[in-house]
Amino acid sequence: MTQKALIKAAQDARGRAYAKYSNFQVGAAVETIAGKVYQGCNIENASYSLTQCAERTALFTAVAAGEREFRHLVVATENGVSPCGACRQVIWELCGDIPITIVDEQGNIKETSSAELLPAAFGEQDLT
Ligand code: THU
């Protein structure tokens with residue numbers, strides 16, 4: 001899977017966002033080690049706190065399908081914002097340190113990583 005195709009997958013997923021309260025659509029696409037892609041979008045709720053972010057939708061869908069190893073995550077928004085704190089923790093848990101590409105509506109790209117987004121992360125190694 002090329003980076004361009006993974007970006008398109010995230011942008012396509014963004015088009016399916018259920019974001020009727022914030023009107024802020026987010027799409028994500030995660031590629032597995034084997035090259036399979038799982039997409040996610042944000043899914044809001046009238047009970048606001050039940051909202052699910054796009055990154056977690058993609059990752060939870062992948063894990064529910066039996067996936068365990070991930071290679072690359074792309075997040076697509078209007079303005080190229082970074083994943084929220086909760087998603088950073090979930091990305092760290094399920095992906096460890098992987099490259100994360102952030103793209104905006106104009107196609108501007110920022111390259112980062114899970115470790116850069118969540119330094120000194122709490123993880124399984126901290127549980128005694
Ligand atoms: N959102 C995401 O999907 N991912 C993030 O990392 C940040 C926020 C969603 C949640 C909510 O539906 C909307 O963006 C506004 O916060």
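**Exposure and contacts**

Reply: Arg-71 has a relative accessibility of 39% and counts as partly exposed. Buried means under 20% relative accessible area, exposed over 50%, and partly exposed in between, with a 1.4 Å probe and protein chains only. The model is predicted, so local features need pLDDT of at least 70 and side-chain atom pairs count only at pLDDT 80 or more, while totals for chains, interfaces and linings use all residues. Residues are numbered from 1 along each chain as its sequence is written, and side-chain values use heavy atoms, leaving out hydrogens and water.

Me: With which residue does Arg-71 meet in a salt bridge?

Reply: A salt bridge is a side-chain nitrogen of Lys or Arg within 4 Å of a carboxyl oxygen of Asp or Glu. Here the partner of Arg-71 is Glu-31, at 3.8 Å from N to O. Glu-31 belongs to strand E1 and Arg-71 to strand E3 (residues 70–76), so the bridge ties together parts 40 residues apart in sequence; strands are DSSP runs of at least two residues (E), helices of at least four (H or I), numbered from the N terminus. Glu-31 is buried, at 4% relative accessible area.

Me: How many salt bridges does the structure hold?

Reply: There are three. One of them joins Arg-14 to Glu-105 at 3.0 Å, N to O. This pair links distant parts of the chain, 91 residues apart: Arg-14 is in helix H1, and Glu-105 is in the loop between strand E4 (99–103) and strand E5 (109–113). Arg-14 is buried at 13% relative accessibility, whereas Glu-105 is partly exposed at 46%. Asp-12 and Lys-8 form another, their closest N and O atoms 2.8 Å apart. These two residues are four apart in helix H1, about one helical turn.

Me: Which residues make up the aromatic pair?

Reply: Rings of Phe, Tyr and Trp (its six-membered ring) pair if their centres lie within 6.5 Å; planes under 30 degrees apart are stacked, over 60 edge-to-face, and the rest tilted. The structure holds one such pair. Tyr-21 and Tyr-48 have ring centres 5.7 Å apart and planes at 50°, so the pair is tilted. Tyr-21 is partly exposed at 39%, and Tyr-48 is exposed at 60%.

Me: Which polar side-chain atom lies 2.7 Å from an oxygen atom of the ligand?

Reply: A polar contact is a pair of N or O atoms within 3.5 Å. The atom in question belongs to Glu-55. The side chain of Asn-42 places an N or O atom 2.9 Å from a ligand oxygen, and a backbone N or O atom of Cys-84 lies 2.8 Å from one.

Notes:
A polar contact is a pair of N or O atoms within 3.5 Å; within protein, one must be able to donate a hydrogen and the other to accept it, and residues adjacent in sequence count only if both atoms are side-chain atoms.
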